[in-house]
Amino acid sequence: MAVNQRKSGNKKKNVDEKELNKDKKNSGTNEKNDENISSKIPWRKIFSRFMLSLLMIFAVYWTSKKENLHVFASQKDRLQLTSAEVSCSPAYKKDVSKFKDCVPKHCGRLVTDIVVTPEEAAHLLRVSKKGLAFGGSSGGASILDLHAGALSYDNSFINVYEKIKAHGANKVFTPDDFKVYSNVRNKIQQIISFNFGIPINKLYLTHPTFFSEITPRAAKTKHDEYWHIHVDKETYPSFHYTSLLYLSDYGIDFTGGRFIFVSDGKNMTVEPRAGRVSAFTSGAENPHYVERVSSGTRYALTVSFTCDKKFAIADPTMQKLE
Ligand SMILES: *[C@@H]1O[C@H](CO)[C@@H](O)[C@H](O)[C@H]1NC(C)=O
């Protein structure tokens, strides 16, 4: 923060000098004609002072805004395991305590870049693109759910497996695709179990678990509006732990599109990085949103877990195409 302040301080100084130089130059050329008038009312000085004040107000506003945006995980860093604790919301605590072995030691968030390999992330990016090629939302956000088969298509959804079969293209997804998908899902489950201190077999994959593709295109339906602050558990009551696997890089493949945890004191951003896993408890302790994507295309996989066996779903397999 101190660095930001210093930076904008320098900017102010530069502008200040420029304005002063301009003043000097102008007053040099006009000296003879305007001498009388300008000695009475120094308009130029008043104007430049005014502009300077505006600039300073803007600079102060800018730095104070930045103060409350903390980079929790920068795209540039390869993080082993970074985590933060937040106190569990009462509603989350009440719900999760129905499953006593599934109660987290602490609620919170984690980010790790060492669980999923770059090869696995690249493989899953290809899988998502293969599936999404059969559909696509008319707005900026498309999803592909390999469990339910849901694929965005114009303003609604179709079944990707039906579409592939109708196309006579049974070889779109390979056994290897499903194997990588399951392995990665399992690794994410392990890191959640490790970080929150719960037995791995008390967590169940749940619906919806899906790939997302976000472009800067304007929203056409509410499904395209990913940028609203929300709590996962309020949207999907069965959720207990939410995770994301990023498949593309913030600042390289797209701009905008940072993930932001919202809180009263300080917002925390997770900058997407291919292969990065971010996971958090799904209750009101973790309200969040995704910034609008301003250029490029952002790919991610949302993997959701519940403690309630009733809502468990299985990994997808080649059988979906039979
Ligand atoms: C966090 O972000 C939200 C949404 O952009 C904003 O309304 C809020 O003021 C931010 N909080 C802080 C502390 O900066």
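A residue counts as buried here if 20 or more other C-beta atoms lie within 10 Å of its own C-beta atom.

**Figure 1. Overview of the predicted model.** The structure shown is a predicted model. By the cut-off above, 34% of the 322 residues of the protein count as buried. The protein has 7 helices and 16 strands. Take the contacts in the protein with a separation of 6 or more: 81% of them come from residues 24 or more positions apart.

**Figure 2. Packing of helix α4 against helix α6.** Helix α4 spans residues 118-132 and helix α6 spans residues 175-196. Their axes are 10 Å apart, and the helices pack at an angle of about 125°. The two helices are therefore oblique to each other. Their crossing is left-handed. From α4, the contact uses Glu 120, His 123, Leu 124 and Val 127. From α6, Asp 177, Val 180, Tyr 181 and Val 184 take part. By class, the residues of this contact are 5 nonpolar, 1 polar and 2 charged.

**Figure 3. Pro 175 in helix α6.** Pro 175 is placed in helix α6. This proline counts as exposed because it has 9 C-beta neighbours inside 10 Å; the exposed class takes 12 or fewer. Pro 175 and Met 318 are 143 residues apart in sequence. In space, their C-alpha atoms are 6.1 Å apart.

**Figure 4. The shell around the ligand.** Five names label this view: Asn 68, Val 262, Gly 265, Lys 266 and Asn 267 are the residues around the ligand. By class, the shell has 1 nonpolar, 3 polar and 1 charged residues.

**Figure 5. Asp 264 in the loop between β11 and β12.** The loop that holds Asp 264 runs between β11 (259-261) and β12 (267-270). Asp 264 is exposed, since 6 other C-beta atoms lie within 10 Å. Asp 264 and Asn 68 are 196 residues apart in sequence. Their C-alpha atoms are 9.2 Å apart in space. Asn 68 is also one of the residues around the ligand.

**Figure 6. Ile 229 and its contacts.** Ile 229 is found in the loop between β8 (204-214) and α7 (232-235). With 10 other C-beta atoms within 10 Å, Ile 229 is exposed. Leaving out residues up to four places away in sequence, Ile 229 touches Val 262, Pro 287, His 288 and Tyr 289. Ile 229 and Tyr 289 are 60 residues apart in sequence, yet 4.7 Å apart in space, C-alpha to C-alpha. Val 262, another of the residues touched by Ile 229, belongs to the ligand shell.

Figure 7. Most peptide bonds are trans. The bond from His 207 to Pro 208 is cis, with omega near -5°. Pro 208 lies in strand β8.

**Figure 8. Positive phi at Asp 154.** Most residues other than glycine have a negative phi. Asp 154 has a positive value, with phi near 50°. Asp 154 is placed in strand β6, which covers residues 150-154. Asp 154 counts as partly exposed because it has 13 C-beta neighbours inside 10 Å. The buried class needs 20 or more and the exposed class 12 or fewer, so partly exposed is the class in between.

How values were computed:
Residues numbered from 1 in each chain as written. Predicted model: local features only at pLDDT ≥ 70, side-chain atom pairs only at ≥ 80, totals over all residues. Axes fitted to C-alpha atoms, helices over the stretch in contact; angles between N-to-C directions. Helix = DSSP H or I, 4+ residues; strand = E, 2+ residues; numbered from the N terminus. Parallel < 35°, antiparallel > 145°, perpendicular 65-115°, else oblique. Left-handed = near helix turned anticlockwise from the far one by under 90°. Contact = placed C-beta atoms within 7 Å. Nonpolar A, V, L, I, M, F, W, Y, C, P; charged D, E, K, R; others polar. Near = placed C-beta within 6 Å.
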